[in-house]
Amino acid sequence: MARRWLSRLPLGMRLYTYIWTLLVPVGLALLFAGLVLPGLLLLGLFVIEQAIVVPLIVARSQKHPRP
């Protein structure tokens, strides 16, 4: 069911979803395993991705066609 829902999304949203679902759990798992630097690196990448991609997604969804 989830794959059908995900396959209907545009490519950018699918990539965003895959990145989000990979970076956060893997980063937390590395932190809990004692690998602090790689875990913080992945979580930092997630934060940077949120700062760049989310505003782009919002701006694109609010984009109005020119008259």
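**Entry 1: the pocket**

I began with the largest pocket, and I found that α3 gives the most to its lining, with four residues. A reminder to myself before going on: this is a predicted model.

How big is the largest pocket? I looked up its volume, which is about 160 Å³. Two elements, α2 and α3 (36-61), each give two or more residues to its lining.

Next I wrote down who lines the largest pocket: P10, G12, M13, V53, I57, R60 and S61. How do the residues of this lining divide? I noted four nonpolar, two polar and one charged.

**Entry 2: the whole chain**

I stepped back to see the overall plan. The chain has three helices and zero strands, and reading along the sequence gave me the pattern α-α-α.

I also checked how much of the chain is buried. Of its 67 residues, 16% are buried. For my own use I kept the cut-offs here: buried means under 20% relative accessible area, exposed means over 50%, and partly exposed is in between.

**Entry 3: I19 and its patch**

Which residues make the nonpolar surface patch of about 490 Å²? I listed L11, L15, Y18, I19 and L22.

I19 sits in helix α2, which covers residues 11-32.

**Entry 4: L31**

Because its relative accessibility is 26%, L31 counts as partly exposed.

Then I compared sequence and space. L31 and L42 are 11 residues apart in sequence, and from C-alpha to C-alpha I read 9.9 Å in space.

**Entry 5: L45**

My last stop was helix α3, where L45 lies. Is L45 buried or partly exposed? Its relative accessibility is 42%, so L45 counts as partly exposed.

How far apart are L45 and V24? In sequence they are separated by 21 residues, while in space their C-alpha atoms are 9.4 Å apart.

**Looking back**

I like how my entries link up.

Methods:
Residues are numbered from 1 along each chain as its sequence is written. This is a predicted model: local features need pLDDT of at least 70, side-chain atom pairs count only at pLDDT 80 or more; totals for chains, interfaces and linings use all residues. Side-chain values use heavy atoms; hydrogens and water are left out. Patches are made of residues with over 30% relative accessible area and no salt bridge: like charges are joined within 9 Å, nonpolar side chains (Val, Leu, Ile, Met, Phe, Trp, Tyr) within 5 Å. Accessible areas come from the Shrake-Rupley method with a 1.4 Å probe; for residues, only the protein chains shown count as cover. A salt bridge is a side-chain nitrogen of Lys or Arg within 4 Å of a carboxyl oxygen of Asp or Glu. On a 1 Å grid over the protein atoms alone, a cavity is a set of points where a 1.4 Å probe fits but cannot get out, and a pocket is an open set with protein on both sides within 12 Å along at least five of seven lines; lining residues have an atom within 4 Å of a point. Grid points are joined across faces, edges and corners, and a volume is the space filled by probe spheres set on the points. Ala, Val, Leu, Ile, Met, Phe, Trp, Tyr, Cys and Pro count as nonpolar, Asp, Glu, Lys and Arg as charged, and the others, Gly among them, as polar. Buried means under 20% relative accessible area, exposed over 50%, partly exposed in between (1.4 Å probe, protein chains only).
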